[in-house]
Amino acid sequence: MIEGIPIQHFLIVSTLMFFIGVAGFIMRRNLITILMAIELILNSVNINFVIFNRYLYPDQLQGHFFAILVVGIAAAEASVAIALIINIYRKLKNIDVENVNELRY
Amino acid sequence: MYNYTILIPMIPLVMFLVTGLLGMKWKPIISGLLGTTGLGISWVLSLMTAITYFFGGHHAEAFPTIIPFETLWLTFSETLQIKMGVLLDPISVMMLVVVTTISFMVHIYSLGYMHGEKGFQRFYAFLSLFTFSMLGLVIATNIFQMYIFWELVGVSSFLLIGFYYQKPSAVAASKKAFIVTRFADLGFLIGILILSFITKTFDFGILTNPDGAVFANAAGLSFMGVSAMTWAMVLVFMGGAGKSAMFPLHIWLPDAMEGPTPVSALIHAATMVVAGVYLVARLFVVYHFQAPDALEVVAYIGGFTSLFAAVIAITQYDIKRVLAFSTLSQLGYMMLALGVSGYGGEEGLGYMASVFHLFTHAMFKALLFLGAGSIIHAVHSNYMYDMGGLRKYLPITHITFLIACLTIAGVPPLSGFFSKDEILVAALEHNKLLFAVEFLVAGLTAFYMFRLYFNIFWGKDRHYHHTPHESPLTMTIPLMFLAFASVFSGFLPFHSLVTADKMHFDTHLHLGVAVPSVLIGLLGIALAWLLYKKESKTPENIARKLGVLYTATYNKFYFDEIYLFITRKIIFNYISRPIAWFDRHIVDGFMVGIGTVTEKVSYRIKGMQSGQLQHYAFMFVAGALILALVLVYYM
């Protein structure tokens, strides 16, 4: 559709982004990096939205709008998360996720 | 023309709300006066309604059924709707007069009788509630509205019997009355359901149409060899028997005398207990045309109750209990008269007699109870062995009480004579056995009433705490008014006012019945005069001679004990306890088990909660992957 590029290529990119994001979320220690990993996951989903919209219903725009909505929510989420991280830093003097383990039985 | 009739029940309702919510902030007497004034207005309106309805000039035709007000309340289907409204026909107009008259008299009387009692405002609030419910019941346009007010009446009766709630016996009596009548109302409800299932309507106007078209569906329906209509009407009668305390559901009424005496006069003598009679009379057309077998049941139960209660009344010492059993006996009369009645013209004599007796009985029985209240007020005891020679101290009470006794004994030309005579004539035409029973009861009635009278007003003076004195005017005026009504209400032309087919018919004095019934009444009075006028040992000797028979009667044939045995020993032990066990161990046990298992399991696995965000995320992703693999693999 987009000048001979098959849909699989886009999907491979988004899948890779998704799993990189998941791996980063699970493995990185730094809270900021974890936040970036979440952004990766969200953006991989955005790619899927846009691409499927483009390939399946080229004359409609729902997928695009949904992607924009996700971007907006991601921005809000990032601001809240960074506020939390700043507070964690003030309390613990670092932002290592393994130190944030007060909330348990 | 009759638009104002909706005010008749609404005024007491407003009075109930006002005195109930604000009464405690006022002086007690203000609540009393307010309630009395409101009821006075209702009374005047009822009298106006009755005069315009009965004497407003449509004599040639049958009396019309008028519905001046009706509002839709619930809709089940096109035809099956529950409405709330006002229905005026001869019997409901007559009942309006009875209820408001007695209630008004009781309101005035209570100003004196309840003076200075704790909870005076509460008493007036409840009286208004009761009057509202009773009026709503009387003017019901459909059987469901009647049922709703029927229950409201039961609640207000419960509240008023238990008025002295510090007394354990009053609490027990109120519970007993409520449970027994509720049990009977279960039958009433099932009866209503069967009736509305067959006819697809609740409206009295359609149900009591003599052509019976709505009952076409009922043909061929039967259960256990008895037709569906008979079942329905017997079950409806069960509700009526509960409220009217017919045997075997009579046990609550004597205990209900724990309530204040004006309440006994209003609820348990004149108005609420005739609701059952009113119900049967209201549905009389249905009984007569669709379920004549059920009508036989009504007649025999009424007859038996009247005899049974009259026998017990002879042996009781509590004056209010004597009156309670007398009420039972008279209610039995009314039920019997309905049971033996036919439809149309002179055939409908029994119906007319029953309603007539309902009217006169309301007057003289309320008078008897209010008189008894006046006596109790003077000597502070309910027992006739604490009384004697009171005629010197309570002249007005004495005269009015004597009039009431003569009326109930059927001495002409007082009102009781006329109504009782009509009942006896109706019974004679229908069923010789029931006539014989009623004839005997007429004698017994005269005897026990005059036993009461002579014991209270004649004989030796007792040692009273203080000299008994006549009650205040607020109490004696109702007595005089009711005595007047008892004397003269017999001359009301009931045969052209309230009849089964709403048409006029002629009655005449049936000398063959009237003379013997008066004679047996006089015989009863004479016997009582011989035995009780002067203090003597004769009654005790007779009682001793009768031995077991006397003790059994004195203990009301042990019906309370039998009921207690059945409930405590049989129902509690063999039904309630197993069910309670099942509930406690199986139903509750299941729930407790779920809780216990959850608690144990979570205690074991709580170590998995590490607080490490990435630990959780890993678990989540791994679980999602496994689920995805499983789905892909198996789908």
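**Figure 1. B:E151 and its salt-bridge partner B:R182 in the predicted model.** B:E151 has a relative accessibility of 15%, so this residue counts as buried. The structure shown here is a predicted model. The partner of B:E151 is B:R182, and the closest N and O atoms of this salt bridge are 2.8 Å apart. The two residues sit in distant parts of the chain, 31 residues apart: B:E151 belongs to helix α5 (residues 143-161) of chain B, and B:R182 to helix α6 (residues 168-199) of chain B. B:R182 is partly exposed, because its relative accessible area is 31%, which lies between the limits of 20% for buried and 50% for exposed.

**Figure 2. A salt bridge between B:R282 and B:D89.** Here the closest N and O atoms of B:R282 and B:D89 are 2.7 Å apart. B:R282 lies in helix α11 (residues 275-282) of chain B, while B:D89 lies in the loop between β2 (81-88) and α3 (90-113) of chain B, so this pair ties together parts that are 193 residues apart in sequence. Both B:R282 and B:D89 are buried.

**Figure 3. B:E258 meets B:K167.** These two side chains form a salt bridge, at 3.3 Å from N to O. Both ends of the pair are in loops: B:E258 is between α9 (252-255) and α10 (261-270) of chain B, and B:K167 is between α5 and α6 of chain B, with 91 residues separating the two distant parts of the chain. B:E258 counts as partly exposed because its relative accessibility is 21%. B:K167 is likewise partly exposed, at 36% relative accessibility.

**Figure 4. The ring pair B:F158 and B:F178.** A search of the whole structure gives 39 aromatic pairs over all chains. In the pair shown here, the ring centres of B:F158 and B:F178 are 5.2 Å apart and the planes meet at 50°, so the pair is tilted. B:F158 comes from helix α5 of chain B and B:F178 from helix α6 of chain B, so the pair ties together parts that are 20 residues apart in sequence. With a relative accessibility of 29%, B:F158 counts as partly exposed. B:F178 is also partly exposed, with a relative accessible area of 27%.

**Figure 5. The ring pair B:F435 and B:F439.** The centres of these two rings lie 5.8 Å apart and their planes are at 25°, so this pair is stacked. Both residues are in helix α18 (residues 432-457) of chain B, where four residues, about one turn of the helix, separate B:F435 from B:F439. B:F435 counts as buried because its relative accessibility is 16%. B:F439, in turn, is partly exposed, with a relative accessible area of 23%.

**Figure 6. An aromatic cluster.** Six names to find here: B:F401, B:F450, B:Y453, B:F454, B:F457 and B:W458, which form one aromatic cluster.

**Figure 7. A surface patch that includes B:E429.** B:E346, B:E347, B:E429 and B:D506 gather on the surface in a patch of negative charge. B:E429 is part of helix α17 (residues 415-430) of chain B. Its relative accessibility is 55%, so B:E429 counts as exposed.

**Figure 8. B:D386 and B:R462.** These two residues are 76 residues apart in sequence, and their C-alpha atoms are 6.4 Å apart in space. B:D386 is located in the loop between α15 (349-379) and α16 (395-408) of chain B. At 33% relative accessibility, B:D386 counts as partly exposed.

Figure 9. The secondary structure of chain B comes to 24 helices and four strands. Of the 635 residues in chain B, 56% are buried.

Technical notes:
Residues are numbered from 1 along each chain as its sequence is written. Chains are lettered from A and ligands numbered from 1 in the order in which they are written. This is a predicted model: local features need pLDDT of at least 70, side-chain atom pairs count only at pLDDT 80 or more; totals for chains, interfaces and linings use all residues. Side-chain values use heavy atoms; hydrogens and water are left out. Patches are made of residues with over 30% relative accessible area and no salt bridge: like charges are joined within 9 Å, nonpolar side chains (Val, Leu, Ile, Met, Phe, Trp, Tyr) within 5 Å. Accessible areas come from the Shrake-Rupley method with a 1.4 Å probe; for residues, only the protein chains shown count as cover. A salt bridge is a side-chain nitrogen of Lys or Arg within 4 Å of a carboxyl oxygen of Asp or Glu. Lys and Arg count as positive and Asp and Glu as negative; His and the chain ends are not counted. The place of a charge is taken as NZ of Lys, CZ of Arg, CG of Asp or CD of Glu. Buried means under 20% relative accessible area, exposed over 50%, partly exposed in between (1.4 Å probe, protein chains only). Rings of Phe, Tyr and Trp (its six-membered ring) pair if their centres lie within 6.5 Å; planes under 30 degrees apart count as stacked, over 60 as edge-to-face and the rest as tilted.
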